Amino acid sequence: MRLVYNKIIPFEGFTAINLFGIVFVRLNSDGSRPYISERTRNHEAIHTAQIQELGYVFFYLIYFFEWLYRVIFHSVAYKRVSFEIEALLHAGDQTYLSGRKHFAMWRKQN
């Protein structure tokens, strides 16, 4: 997984964001590289698997509309988007991707 360190992406308050399978990592305010844990790397790798499964266009369209729905009807969006639920639940399991089932983000999460 490719990491790109920069001062702009993601927005302040976030450490990393996966865009088109490339993980952008925001540099610390002093310009140093932040520590990226294995948990965060795995979280972003799960997103990469989701992107590969759905394709860029469908992944981002579905993510956006699900996020918007959660904002409008639940006022809490990020952690209630199906893609994030899967990634957050399994970020600590380094073996998860090897046995991940297709469309796991829409299956019951254990």
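**Group meeting: a first walk around this chain**

Okay, so let's start with what's tucked away: buried residues make up 37% of the 110 residues in the protein chain, where buried means under 20% relative accessible area, exposed means over 50%, and partly exposed is in between, with a 1.4 Å probe and protein chains only. Before I go on, this is a predicted model, where local features need pLDDT of at least 70 and side-chain atom pairs count only at pLDDT 80 or more, while totals for chains, interfaces and linings use all residues. Residues are numbered from 1 along each chain as its sequence is written, and side-chain values use heavy atoms, with hydrogens and water left out.

Now the layout. You'll find four helices and three strands in the protein chain, and along the sequence they run β-β-β-α-α-α-α. Those are DSSP runs numbered from the N terminus: helices are H or I with at least four residues, strands are E with at least two.

What about overall size? The C-alpha trace spans about 40 × 35 × 25 Å along its principal axes.

Let's zoom in on helix H3, residues 82-90. Which of its residues are buried? They're Ser 82, Phe 83, Glu 84, Glu 86, Ala 87 and His 90. Their cover includes helix H1 (38-54), helix H2 (56-74) and helix H4 (96-99).

Phe 83 turns up again in a ring cluster, together with Phe 20, Tyr 56, Phe 59, Tyr 60, Tyr 63, Phe 103 and Trp 106. Rings of Phe, Tyr and Trp (its six-membered ring) pair if their centres lie within 6.5 Å; planes under 30 degrees apart are stacked, over 60 edge-to-face, and the rest tilted. The count comes to eleven aromatic pairs. One of them is Phe 59 with Tyr 60, edge-to-face, at 4.9 Å centre to centre and 85° between the planes. Phe 59 is buried, at 3% relative accessible area, whereas Tyr 60 is partly exposed at 24%.

Last stop, Gln 109, in the segment after H4. What does Gln 109 touch, leaving aside its neighbours within four places in sequence? Its contacts (heavy atoms within 4.5 Å) are Ile 85, Glu 86, Leu 89, His 90, Tyr 96 and Ala 104. So much for the tour; Glu 86 and His 90 are also on that buried list for H3.
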